[in-house]
Amino acid sequence: MKLYKQRQSKNSALILTSLAVLASPLVLPLQQASAQTLTTVVNFNGTNGANPKAGVFAGKDGNLYGTTSAGGSQDKGTAFKLTGSNFSTLTTLVNFTGTNGTNPIARLFQASDDNLYGATSTGGTNNLGTLFKLGKTTFTTLTTLLNFNGTNGVNPAGRLISDSDGNLVGITSAGGVNNKGTVFKIAPTGGVPTVVVNFNGTNGATPLARLQLASDKNYYGTASAGGASNKGVAFKLTPAGVITSYSFSGANGQSPQSGLIESDKFIYGTTSLGGASNKGAIFKVPLGGGTPVVVASFNGTNGANPTAALTKGSDGNFYGTTSTGGANNKGGIYRLTSGGTVTLLFSFNGTNGATPESTLIQLANGAFYGTTSTGGVSGKGTVFQFTP
């Protein structure tokens with residue numbers, strides 16, 4: 001299985017999955033708001049990258065950094081930097097070639113050593129994916145830290161994070177003992193990774209998103225499949241490697257593909273399917289673990305099939321994207337209030353981008369930044385600024 005192809009088809013194959021519509025008193029209506037301000041910062045054209053699956057992040061130097069899953073000199077993806085007062089100046093840092101990796105779909109991560117770390121879903125020695133470092137301060141020198149080999153995982157997906165010992169912690173969507181994915185950790189200098197979890201179906205399968213290290217010192221994450229109904233799980237993972245999984249049933253969500261976020265002693269996330277209309281849901285689990293509970297469901301008209309994590313805004317509300325749905329069925333941007341009301345703020349129309357799959361970030365100017373994986377002038381995706 002190649003994760004890049006899986007991600008390309010997730011909004012077609014997964015949407016075909018049928019699910020009985022189950023009502024819940026916790027499912028809240030979505031509302032349409034007046035148009036907000038969206039500015040296209042960059043149009044990808046192939047040469048400068050194409051089809052970004054991951055979002056941008058703000059480096060310690062104040063610039064924005066990101067990856068594209070395709071495009072560049074070999075059409076195997078790029079890592080890039082955005083500079084200038086409006087971040088419209090794009091510099092390609094690395095062109096992936098296959099040997100050094102192919103199809104990066106995870107957000108870059110800047111560790112305490114100030115280097116950037118990332119993963120490619122395929123490519124490398126075994127064409128099963130790689131981990132890499134972009135050395136500070138120019139981030140133009142790529143060092144391959146690991147070539148995945150199947151036993152230690154296949155097709156790394158979500159962003160890397162650091163543990164309390166400074167190791168890099170990540171997930172692979174396949175491979176491991178049961179070929180259903182792994183959680184691993186590795187020193188930032190590379191070497192032999194430690195497989196912390198082998199997913200086996202019962203405890204989850206095919207994880208696609210980064211882990212969240214919560215205030216209780218446990219890790220929380222999701223797997224897009226597996227569990228009691230094979231509709232995915234949310235899980236808690238202790239530092240000692242003990243995993244406890246909580247199954248999605250469809251009614252409370254299905255096929256989670258996003259990272260999680262902690263807020264007010266709960267862990268929040270999104271599912272790409274399930275909920276009242278089988279078009280995705282927002283859920284929460286209590287800190288410490290528990291069965292996912294629906295906070296709100298998407299209904300298609302107002303957004304559908306979210307694959308991105310929620311972002312806590314400076315106003316105390318959550319913000320996020322849906323990969324389809326909205327006025328033009330090309331995805332949208334929404335707000336979730338602390339009271340549980342979801343409001344669609346913006347619908348993409350193709351010209352200004354389509355199919356946003358990445359998590360938003362908010363900068364000090366109050367604006368949110370993100371990517372669309374398609375659309376824009378060349379149809380190859382965009383970086384955008386959104387002011388709510």
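First, the ground rules. Residues are numbered from 1 along each chain as its sequence is written, and side-chain values use heavy atoms, with hydrogens and water left out. Since this is a predicted model, local features need pLDDT of at least 70 and side-chain atom pairs count only at pLDDT 80 or more, while totals for chains, interfaces and linings use all residues.

On confidence: pLDDT is the predictor's confidence in each residue, from 0 to 100. The protein averages 92, and 91% of the residues score at least 70. Over residues 1-34 the pLDDT is below 50. That stretch still has 90 contacts in the model beyond near neighbours in sequence, where contact means heavy atoms within 4.5 Å.

Next, the sheet. Strands here are DSSP runs (E, at least two residues), as helices are runs of H or I with at least four, and both are numbered from the N terminus. Two strands pair if DSSP finds at least two bridges between them. In what order do the 4 strands of the open sheet run? The order is 16-17-18-19, with antiparallel pairing. Strand 16 (212-213) and strand 19 are the edge strands, each pairing on one side only.

Strand 16 pairs with strand 17 (residues 219-223) over 2 bridges, in the antiparallel sense. There, Leu213 has Tyr219 in strand 17 as its bridge partner. At the other end of the order, strand 18 (residues 233-237) and strand 19 (residues 243-247) are antiparallel over 5 bridges, and Lys236 is bridged to Thr244 in strand 19. The hairpin of these two strands has 5 residues between them, and Gly241 takes a positive phi near 95 degrees in it.

Now Leu237, which is in strand 18. Is Leu237 buried or exposed? Its relative accessible area is 2%, so Leu237 is buried. The cut-offs are under 20% for buried, over 50% for exposed, and partly exposed in between, with a 1.4 Å probe and protein chains only. Leaving aside neighbours within four places in sequence, Leu237 contacts residues including Val183, Val196, Tyr219 and Ile243. Lys217 is 20 residues away from Leu237 in sequence, with the C-alpha atoms 9.5 Å apart.

On to the rings. The structure holds 15 aromatic pairs. Rings of Phe, Tyr and Trp (its six-membered ring) pair if their centres lie within 6.5 Å; planes under 30 degrees apart are stacked, over 60 edge-to-face, and the rest tilted. Take Phe346 and Phe348: the centres are 5.3 Å apart and the planes at 80 degrees, so this pair is edge-to-face. Phe346 is buried at 11%, and Phe348 is buried at 0%.

Last, two loop residues. Glu357 is in the loop between strand 27 (342-347) and strand 28 (361-362), and at 6% relative accessibility it counts as buried. Which side chain does the side chain of Glu357 meet in a polar contact? That of Lys53, at 3.3 Å. A polar contact is a pair of N or O atoms within 3.5 Å; within protein, one must be able to donate a hydrogen and the other to accept it, and residues adjacent in sequence count only if both atoms are side-chain atoms.

Thr102 is in the loop between strand 6 (89-95) and strand 7 (109-110), and is buried at 9%.
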